[in-house]
Amino acid sequence: MDIFGTKPVFNETQQRIIDAATSCVKRWGVEKTSLNDIAKEAGVTRPTVYNYFPNRQDILSTALVQSTYDFAERLYTHFRKFKTPRSRLLEAVLFCVETLPNEHSLTLLTGSDLSVFVNEGALTNEFSQQVRLSLFKEILKDSGLSEAELVELTEFATRMLLSLLMTRSAIPRDKVALKGFLERRMLPGCGL
């Protein structure tokens, strides 16, 4: 299964640098992680890091892309078991809400620069857009939506998911209550 395009492949040194960046961000947060920290954690020199990545943001974005691909594969495996676009979308959002807070890739999205990093890395990154659109084509297959409607719905559902992940509700909901809320509010908003 390769509905997302070519999976990024990195050599051993690149992967050590990417893993080191993730570890440093877990430990100190995005703002306090420097290129020197990443190089030291990876066991390489700063010039070696520059041989593979032009700057710190590029390393963090690459780590996010790699994590996005891996997570998308697991999400696809989960929702493809469901038969209707409505049930696939509902289950995909529930899976994300339940799984993403424990996902190591989200360590890249903590700290005060979260919204900037999400906008620059998750929402506007070309690879991330391609992955999301591929997922939604699968989630919403057999729904009769045009390509333009699919693109718009992908953006809407992504924004809804980000809101669920980043903003606490004044009304506490367990999984059953959240599912009911999404069935009543999100699915009709998506035309399902």
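Is Thr13 buried or exposed? Thr13 is buried, because its relative accessible area is 19% and buried means under 20% relative accessible area, with exposed over 50% and partly exposed in between (1.4 Å probe, protein chains only).

Before you click further, note that this is a predicted model: local features need pLDDT of at least 70, side-chain atom pairs count only at pLDDT 80 or more, and totals for chains, interfaces and linings use all residues. Numbering runs from 1 along each chain as its sequence is written, and side-chain values use heavy atoms, with hydrogens and water left out.

**Stop 1: around Thr13.** Select helix H1, residues 12–28, and you'll find Thr13 in it. Helices here are DSSP runs (H or I, at least four residues), numbered from the N terminus. A contact means heavy atoms within 4.5 Å.

**Stop 2: H5 against H8.** Show H5 (85–99) and H8 (147–166). Their axes sit 10 Å apart at an angle of about 35°; axes are lines fitted to C-alpha atoms, for helices over the stretch in contact, and angles run from 0 to 180 degrees between N-to-C directions. On the H5 side, pick Leu89, Val93, Cys96 and Val97; on the H8 side, pick Ala157, Leu161, Leu164 and Leu165. Colour that contact by class and you get eight nonpolar residues, no polar and no charged ones. For the classes, Ala, Val, Leu, Ile, Met, Phe, Trp, Tyr, Cys and Pro count as nonpolar, Asp, Glu, Lys and Arg as charged, and the others, Gly among them, as polar.

**Stop 3: Leu161.** Zoom in on Leu161 in H8. Leu161 is buried, with a relative accessible area of 14%. Its contacts, not counting residues up to four places away in sequence, are Val93, Cys96, Val97 and Leu100.

Stop 4: A pocket is an open set of points on a 1 Å grid over the protein atoms alone, where a 1.4 Å probe fits, with protein on both sides within 12 Å along at least five of seven lines; lining residues have an atom within 4 Å of a point. Of the 18 lining residues, select Val97, Leu164, Ser169, Arg173 and Leu178, the closest to the centre. H8 gives the largest share of the lining, four residues.

How values were computed. Helices (H or I, at least four residues) and strands (E, at least two) are DSSP runs, numbered from the N terminus.
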